[in-house]
Every structure is written in C-alpha cells, then in structure tokens.
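Here is a brief report on helix packing, nonpolar cores and a few individual residues. Keep the coordinates open while reading.

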Amino acid sequence: MSFMFRSVPRIVCEAGGIARTGTLMKELGATRVTVVCDPGIVTLGFADQVQKSLEAAGIAVQIFSDVKADPPQNIVQQAIDGAKEWQADGVVGLGGGSSLDSAKLVALLANSDQTIEGIYGIDKATGDRLPLIQIPTTAGTGSEVTWVSVITDNNNLKQVVYTPQLMPDIALLDAELTYGLPQKVTAATGLDAMVHAIEGYTSRTRKNPIADGMAITALSLLGKNLMKVIENPGDKEARSAMLQGSLIAGMAFANASVAAVHGLAYPLGARFHIPHGHANALVMAQVLRFNLPAASKLYAELAPCLIEDADFSSDEDAAEAFVRRIEAMVLASGLETRLHELGITEDSLPEMAEEVFTKIHRLIESNPRDMTINDIEAIYRSVF
C-alpha cells in the first residue's frame, strides 16, 4: 500500500489556552497579525481575548470579522486584500470552519500574487503562506488540522483548494471556547465530525492505516460524548473530548478523503445556506444506509465505537445496528431532519443531484458504493 500522511506541526490542547495566542505567534516570528473571524466571535468576546494576547506579546493586530457561513469568494477576497494592504505577516483563524477555511486562504494569498480562482483544485498554489494559528470554537470541522479550504464561488458553487501550504503551524484547542455553544450548533458540528471519521475510514480512494486508527479513536470520542454535550452543555470533560475527537477526525479525513455525505451536503450549503454540519446531518443516515450492501464489513468494524458491549452474530447485523444508531442520534440531535422544513424546494432536487454527480464527482468516487445521479436524487427525495 502506498500513501502519504500529512499532519499539523504542533497541537496545543489547553483549557484557557487562547491566552497563549500571542506567545505562540511570537515564536512564529510574526509582528503584524490579521485575525479572521465572524461577527458572532466578536460579540462573544473571543476576538478581544486574542487581540489582547497578541498585543501583550508586542504584536500589532488587525481584525477582519466579516466572514459568513459557506464563505463567499468575495468576502474572502476582501480579507486577503485587507491583510495585504495592512502588510500582515501572520494570521490567526478564530471560529468555526468558515472562519478557519477563510484564514487559510488569507495566510496563503496575502503573501502571493496568485488569485483565488487560480488555486481552485489540487496543488495549484505556489510559494509559502504567512505564519498561521488556527483556533476552533466549534467541535466539528477539523479545519484546524487540514490542508483543505472550501468556499463558495461567485456562481454559488462549492470550490475546494487542496494544497500543503494550507496546513497551519499550530492548532490551538481551548475547550472553554465551546462551553456556550447553542444546542443546534453543538449537534450539527458534532455530527459533521462523526461524518469525517466514518467517511475517512470507509474511503475508497485514499484509505490508509494511519487514518483508520485516527478515525476509530475520533469516532469513539465523538460517539460517547455528543449526546452528553447536547443534554448537558456545561459538561467540560465531554466538551474537551468532542474538540479532541473533531481534530483527530479532521486529520483522518484530510488524509483519506470524505465521500458522498459531503457531496450531497455541498449544494445544500451553497444554494440554501444550510450550515455545513446540519447539511451533512440531513443526508448522513440515508447515505450510510444506501452504502450498506458495499460497506457492511467496514461499518461493522466501526460499530463498537458507538455501541458498547454488543454481541453481533454477523457483520451485517453489526452494520445494521451501526446505521440505526446513527439514525437515532440524528433524530435526537434536535435538528430539522427534512429538507422542506428548511425552505428547500422539491424542484431543486434534480438540479442538486446533477450538480453533485457532474461537479462534485470526486467525492462520489470515494464513496464505498457506486452512486448514480438517480441514486443521489432518490436520497434527496427520501429526506424531503
């Protein structure tokens, strides 16, 4: 088996660790830092905490707080232009996946003459990025440990940048930043992280033993703690476990790929602005059930991560129980589970299916079971 595994150089996991941002950035040699976040992060006071830490280390700070969900290309471009004009020599990403993905591109393109359009795809970037620290405030995307950035282009299509330069210097996990997350955000991001682990483990294109071990560890952490943090948001140990599980799942999928759940989720985000984790949750169980004929052995191997002390008579029984547990967790999450509840129209289903099959087919290729355009539309209809 031939494979390549990439990892972030340093991970700092510490409650209250946000106070170390300035010291860590100073070690990276930056003196003028752009902090990339969304307006909610400013309201919560997290951006102010980062700014104070950086300034205490003698670092000048620029705050860009206009990031939106499924970050639009024009907003990311504004952040890049602002960092360039300000002559930033370092970047901090602070927030959920949208902020972290945006920060990666700012760190890369504020130090480059390349355009965003010019680096869509795989290994299109040249040169080095600016020093980059990523601080997640949700336990879900794993973006703090990947070399992937997903944004929405000017035609409302998801575009992905894959390049090693996007891998940050430091991932800083501070569980205190997740204590106040609303239930729906906790649920959606947690299920997103579970999808990362599951799809990384079952990838047909880049599955490898290192990612497999990480996926199992991540899914065990996430599966044991997601309902705890939904039911008891103040459970600090469970919050920390979720953040760790999300990071480890991010390392797994970054080196193995995601698949059809993400493929079907992308148009829901780009067209209807459904938050990414919620979009995954909408189609998660149905895609896994579709995959059962081809993935029963792999799902059976994952079943103990979610179902303790079970004794199954066959792989098929274990896989069925695994999918049923996922279905139950989605239902218990408190999230809307039907597309029509979120303003998605029935006439858009064939269009989304065509978009997935023709423009996001790379993720369908990683799915453990072959999927036709009719299969994709049928899954959308099953959750409409």
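## Model and cores

This is a predicted model. Its largest nonpolar core has 117 residues. Those with the most contacts inside this core are Met-194, Leu-264, Leu-268, Phe-322, Ile-326 and Tyr-380. Helix α10, residues 276-306, gives the most to the core, with 17 residues.

A second core is separate and has 23 residues. Val-35, Val-61, Ile-133 and Ile-135 are among them.

## Helices α6 and α11

Helix α6 spans residues 183-202, and helix α11 spans residues 315-332. They pack at an angle of about 160°, with their axes 12 Å apart. Angles over 145 degrees count as roughly antiparallel, so α6 is roughly antiparallel to α11. The crossing of the pair is left-handed.

From α6, the contact uses Leu-191, Met-194 and Ile-198. From α11, it uses Phe-322, Ile-326, Met-329 and Val-330. By class, the α6 contact with α11 has seven nonpolar residues, no polar and no charged ones.

What does Phe-322 touch beyond residues up to four places away in sequence? Its partners are Ile-198, Leu-219, Leu-288, Tyr-299, Leu-302, Ala-303, Leu-306 and Ile-307.

## Helices α9 and α12

Helix α9 covers residues 260-272, and helix α12 covers residues 349-359. Their axes come within 9 Å and cross at roughly 125°. That angle makes α9 oblique to α12. The crossing is right-handed.

On the α9 side, the contact is made by Gly-263, Leu-264, Pro-267, Leu-268, Arg-271 and Phe-272. On the α12 side, Glu-351, Met-352, Glu-355 and Val-356 take part. By class, this contact of α9 with α12 has six nonpolar, one polar and three charged residues.

## Two positive phi values

Most residues other than glycine have a negative phi. Two aspartates here have a positive value: phi of Asp-70 is near 45°, and phi of Asp-309 is near 55°.

Is each one buried or exposed? Asp-70 is buried, with a relative accessible area of 8%. Asp-309 is exposed, at 83%. Asp-70 sits in the loop between β3 (60-64) and α4 (73-86). Asp-309 lies in the loop between α10 and α11.

## Two buried residues

Gln-62 is found in strand β3. The relative accessible area of Gln-62 is 18%. Buried means under 20%, so Gln-62 is buried. Leaving out residues up to four places away in sequence, Gln-62 touches Val-33, Thr-34, Val-35, Gly-82, Ala-83 and Trp-86. Of these, Val-35 is also named in the second core.

Ala-188 is found in helix α6. This residue is buried, with a relative accessible area of 7%. Ala-188 and Val-330 are 142 residues apart in sequence, yet 9.0 Å apart in space, C-alpha to C-alpha. Which residues are in contact with Ala-188, leaving aside neighbours within four places in sequence? They are Gly-277, His-278 and Leu-335.

Conventions:
Residues are numbered from 1 along each chain as its sequence is written. This is a predicted model: local features need pLDDT of at least 70, side-chain atom pairs count only at pLDDT 80 or more; totals for chains, interfaces and linings use all residues. Side-chain values use heavy atoms; hydrogens and water are left out. Axes are lines fitted to C-alpha atoms, for helices over the stretch in contact, and angles run from 0 to 180 degrees between N-to-C directions. Helices (H or I, at least four residues) and strands (E, at least two) are DSSP runs, numbered from the N terminus. Angles under 35 degrees count as roughly parallel, over 145 as roughly antiparallel, 65 to 115 as roughly perpendicular and the rest as oblique. A crossing is left-handed if the near helix is turned anticlockwise from the far one by less than a right angle, and right-handed if clockwise. Contact means heavy atoms within 4.5 Å. Ala, Val, Leu, Ile, Met, Phe, Trp, Tyr, Cys and Pro count as nonpolar, Asp, Glu, Lys and Arg as charged, and the others, Gly among them, as polar. A nonpolar core is a set of buried Ala, Val, Leu, Ile, Met, Phe, Trp, Tyr and Cys residues joined through side-chain atoms within 4.5 Å. Buried means under 20% relative accessible area, exposed over 50%, partly exposed in between (1.4 Å probe, protein chains only).
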